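Work through these exercises with the model open beside you. Try each task before you read its solution.

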Amino acid sequence: MKELSQYKKYKRIAVMGGSFNPIHNGHLVAAEAVRQEMDIERVIFIPAGSSPHKESDPMYNEHRYLMTVLATVTNPDFEVSRTEIDRMGKSYTIDTIRELRHKCSKDCEIYFITGADAIAEILTWKDPEELLSMCKFVAVTRPGYDKTKLKATIDTLNTKYKGNIEFLEIPALSISSTDIRNRVTAGKTIKYLVPESVENYILKFGLYGAGLSLSGTEYINKKLYSVLTPKRFRHTQGVAKEAVRLAERYGADTDKAYLAGLLHDCAKCYTDEEKLAMCRQYNVPLDDVLYAQPDLAHSFLGAALAKAVYGVKDEDIINAIAYHTTGRENMSLLEKIIYIADYIEPNREPFKGLEEIRELAYKDIDKAVEYSLKNTIDHNVNKKRMIHPLSITALEYYREGNNEKR
Ligand code: NAP
């Protein structure tokens, strides 16, 4: 949130809390209506972080934040805060309001605007009584909402818990995020339901299955583009093409090689915390080495995501993704192809031994694997990193096998 002094000048401030997955015109109309109705000077949109009440997908946190920024940027009275998105662990409203209270002047009135459903459950939130005493709540509802039940809930909260809750029906809230996600997945238009910038963002990054009607690899490329840095995306394209060349050379399935190459690094660009959280979410077992070096887990997490998110069913492709960093004994031909393609693809910055491996790769893939394993282990020893046991046993295995051939 902003520097202390910038909030001190306000007397009435509102937090607009929600998942905003995605933000839509109903949210914007609601925030603007409350701003005017309650004479609010500043509305701070706070996309919810890791919700205490549901499993959230860290992949979407940044997207939800950026879409909220795009949607609100033209309104001078609106701003967006990263406070819950950046908070480690579960995100509680009481912590957000305490933080804001600390930054505002003593006589500043704080409002919290959110959907009526959420407010009806406020007693299940953290420290509800303190929360109810710290700010005023505005429960915004969509037409057709059961107001009798809501009024009864609000009356109880206001009398028994000395809350200060009002509700406001917003016709534009007949738009809902769930409906927008479903429409996108079904390939239906969302024009005029969300700001144009948000619509373009959803399509550009293939959120909510946008573009599922595209061919499989077009869809995967769009999705990868949204989760990888440009450099990593370029590397991925290079690996996929190199894998196809190697598959042609050794008589492997070129389609499988292309797909495994495209997806091998699909989990690479998440932060270490996100990788660990996603490993828990997708039941990826972590041994001590992986736990200490979460970046190394990207290949095993990538294999889990390839299955769960990208719909890959072929076990050989899944294994090629899983073992592309550590290697392992007795790799399948596809596993060796992806391991080597990752090493030698044309966009790789030059390093010692690269040209030798490029040459070996097309002469004898097992020797190329041995050489690459040795090189990688030496490099990591120099960098004082832990070496995964899978790499050590893999090197022994290929060294012995190649010695027998020699
Ligand atoms: P949600 O899943 O996004 O929304 C629940 C319902 O309320 C949906 O129908 C949603 O419609 C609507 N809604 C949500 N935010 C809205 C808004 N600002 N304006 C209008 N409608 C809105 O929300 P949630 O996860 O329940 O969270 C809502 C807020 O409560 C968040 O700020 C969250 O952090 C807070 N919360 C705190 C705790 C806690 O501290 N323990 C627990 C639960 C919730 P759309 O889908 O169309 O948005």
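**Exercise 1. Is Arg280 buried or exposed?**

Start with the place. Arg280 lies in helix H14. Helices here are DSSP runs of H or I with at least four residues, strands are runs of E with at least two, and both are numbered from the N terminus. Now apply the cut-offs: buried means under 20% relative accessible area, exposed means over 50%, and partly exposed is in between (1.4 Å probe, protein chains only). Arg280 has 59% relative accessibility, so Arg280 counts as exposed. Finish with a distance. Arg280 and Gln293 are 13 residues apart in sequence, and their C-alpha atoms are 15 Å apart in space.

A note on the source: this is a predicted model, where local features need pLDDT of at least 70, side-chain atom pairs count only at pLDDT 80 or more, and totals for chains, interfaces and linings use all residues. Residues are numbered from 1 along each chain as its sequence is written, and side-chain values use heavy atoms, with hydrogens and water left out.

**Exercise 2. Describe the whole protein in numbers.**

Count the elements: the protein has 21 helices and six strands. Next, take the box. Along the principal axes, the C-alpha atoms fill roughly 85 × 45 × 35 Å. Then check burial: 50% of the 406 residues count as buried. Last, look at contacts, meaning heavy atoms within 4.5 Å. Among contacts with a separation of 6 or more, 68% join residues 24 or more positions apart.

**Exercise 3. How do H14 and H16 cross, and which residues meet?**

Find the helices: H14 spans residues 272-281 and H16 spans residues 298-308. Axes are lines fitted to C-alpha atoms, for helices over the stretch in contact, and angles run from 0 to 180 degrees between N-to-C directions. The two axes come within 10 Å and cross at roughly 50°. Sort that angle: under 35 degrees is roughly parallel, over 145 roughly antiparallel, 65 to 115 roughly perpendicular, and the rest oblique. H14 and H16 are therefore oblique to each other.

Now list the residues. Lys275, Met278 and Cys279 in H14 meet His298, Leu301 and Leu305 in H16. By class, the contact of H14 with H16 has four nonpolar residues, one polar and one charged. Here Ala, Val, Leu, Ile, Met, Phe, Trp, Tyr, Cys and Pro count as nonpolar, Asp, Glu, Lys and Arg as charged, and the others, Gly among them, as polar.

**Exercise 4. Which residues touch the most other members of the largest nonpolar core?**

Define the set: a nonpolar core joins buried Ala, Val, Leu, Ile, Met, Phe, Trp, Tyr and Cys residues through side-chain atoms within 4.5 Å. In soluble globular proteins, nonpolar side chains tend to be buried together. The largest core has 59 residues, and Leu224, Leu263, Tyr310, Val312 and Ile340 touch the most other members. Its largest share, eight residues, comes from helix H18 (residues 333-344). Zoom in on Leu224. Leaving aside neighbours within four places in sequence, Leu224 is in contact with Phe233, Thr236, Leu262, Leu263, Cys266 and Tyr310. Another core lies apart from this one, with 38 residues, among them Ala14, Tyr60, Val184 and Ala210.
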